[in-house]
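Here is a friendly briefing to read with the model open beside you. Take the topics one by one and find each residue as you go.

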Amino acid sequence: MPNLPDNPIFDITRFTTTDFPDRLACVVWFSGCNMRCPYCYNPNIVREKGTLCESDLFDFLRLRQGKLEGVVLSGGECTLYPHLHDLCETIKAMGFEIKLDTNGTKPARIRALVEEGLVDYVALDFKAPQHLFKSLTGSAEYDAFHESLTYLIEADVSFEVRTTVHPDLLHVKDINAMIEELHGLGYKGTYYLQHYLHVEPTLGKTAPPSKAFALESLIHPIPVRLRNF
Ligand code: SF4
């Protein structure tokens, strides 16, 4: 039996119809993150320790077999959890499909999960273009993110790229540069733009947007879909 970290899970959302496409699912929120996005509205998840251990999750899932179809592994950043691979094996053996929400900074872990068929859907956050990545994430992991992006574009797994848009932090020219990059890399899926929803407190005390995002100036060489605009 591996030596498991105490309580890696911050919380579990028991039921969602919107977080895993076409699946009834729960959401497992892992504590801890290697980014510090100023607009993050989950500062407690990022900074604090979890409250639930793997056994708590498995007890919960045992009672949902035949009721829920999927488990969303989110956070925080779930790929930081060192025993994620074994956890996914157990969840799959219980009959659930798995969606991974990730910032993409652990490409080797993502690759291993995909290649072993342990995840069914990946939602990858494209936080910012390279020149803004550090200031918008507090992280110098753009290259690792990009490795995940290029891998997932070629991989045989359902996959989406998404960006949270705060109109004061990411401008139309930035989003258009990200769209161009995805197009140039051969991304064939839909690019989801999620409007920033102001929920206090944010990690970096980010102010509410001072202006609307100029949607009419977006380019569309790939499908772009809006959420919450
Ligand atoms: S928004 Fe940023 S800081 Fe918050 S959990 Fe996601 S990656 Fe981490």
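This is a predicted model: local features need pLDDT of at least 70, side-chain atom pairs count only at pLDDT 80 or more; totals for chains, interfaces and linings use all residues.

What follows is a short tour of helices, a ligand shell and some backbone details.

Residues are numbered from 1 along each chain as its sequence is written. Helices (H or I, at least four residues) and strands (E, at least two) are DSSP runs, numbered from the N terminus.

**Helix α3**

- Which residues of α3 are buried? In this helix, residues 84–93, they are Leu84, Leu87, Cys88 and Ile91.
- These four lie on the same side of α3, because they cover an arc of only 100° around the axis. The arc is that of the directions from the helix axis to the C-beta atoms.
- An α-helix has 3.6 residues a turn, so residues three or four places apart point the same way.
- "Buried" means that 20 or more other C-beta atoms lie within 10 Å of a residue's own; with 12 or fewer it is exposed, and in between it is partly exposed (C-beta atoms are placed from the backbone).
- The partners that the buried residues of α3 pack against are α2 (54–62), β3 (70–75), β4 (97–102) and α4 (107–115).
- After α3 comes Gly95, with a positive phi near 100°.

**Helices α4 and α6**

- α4 packs with α6 (residues 142–154) at an angle of about 20°, and their axes are 9 Å apart.
- That angle makes α4 roughly parallel to α6. Angles under 35 degrees count as roughly parallel, over 145 as roughly antiparallel, 65 to 115 as roughly perpendicular and the rest as oblique.
- Axes here are lines fitted to C-alpha atoms, for helices over the stretch in contact, and angles run from 0 to 180 degrees between N-to-C directions.
- On the α4 side, Pro107, Ile110 and Arg111 meet Ala144, Glu147, Ser148 and Tyr151 of α6. The residues of this contact divide into four nonpolar, one polar and two charged.
- Two residues are in contact if their C-beta atoms, placed from the backbone, lie within 7 Å.

**Around the ligand**

- The residues around the ligand include Cys33, Cys37, Cys40, Gly75, Gly76 and Leu203. A residue is near a molecule or strand if its C-beta atom, placed from the backbone, lies within 6 Å of it.
- The shell divides into six nonpolar, four polar and two charged residues. Ala, Val, Leu, Ile, Met, Phe, Trp, Tyr, Cys and Pro count as nonpolar, Asp, Glu, Lys and Arg as charged, and the others, Gly among them, as polar.
- The peptide bond from Gly75 to Gly76 is cis, with omega near 25°, and Gly76 sits in the loop between β3 and α3.

**Other loop details**

- Another cis peptide bond runs from Glu200 to Pro201, with omega near 0°. Pro201 is in the loop between β7 (191–195) and β8 (224–227).
- Lys205 is also in the loop between β7 and β8. Its phi is positive, near 50°, in a residue other than glycine, and Lys205 is exposed, with 10 C-beta neighbours inside 10 Å.

**Leu182**

- Leaving aside neighbours within four places in sequence, Leu182 is in contact with Val161, Tyr187, Tyr191 and Ile222.
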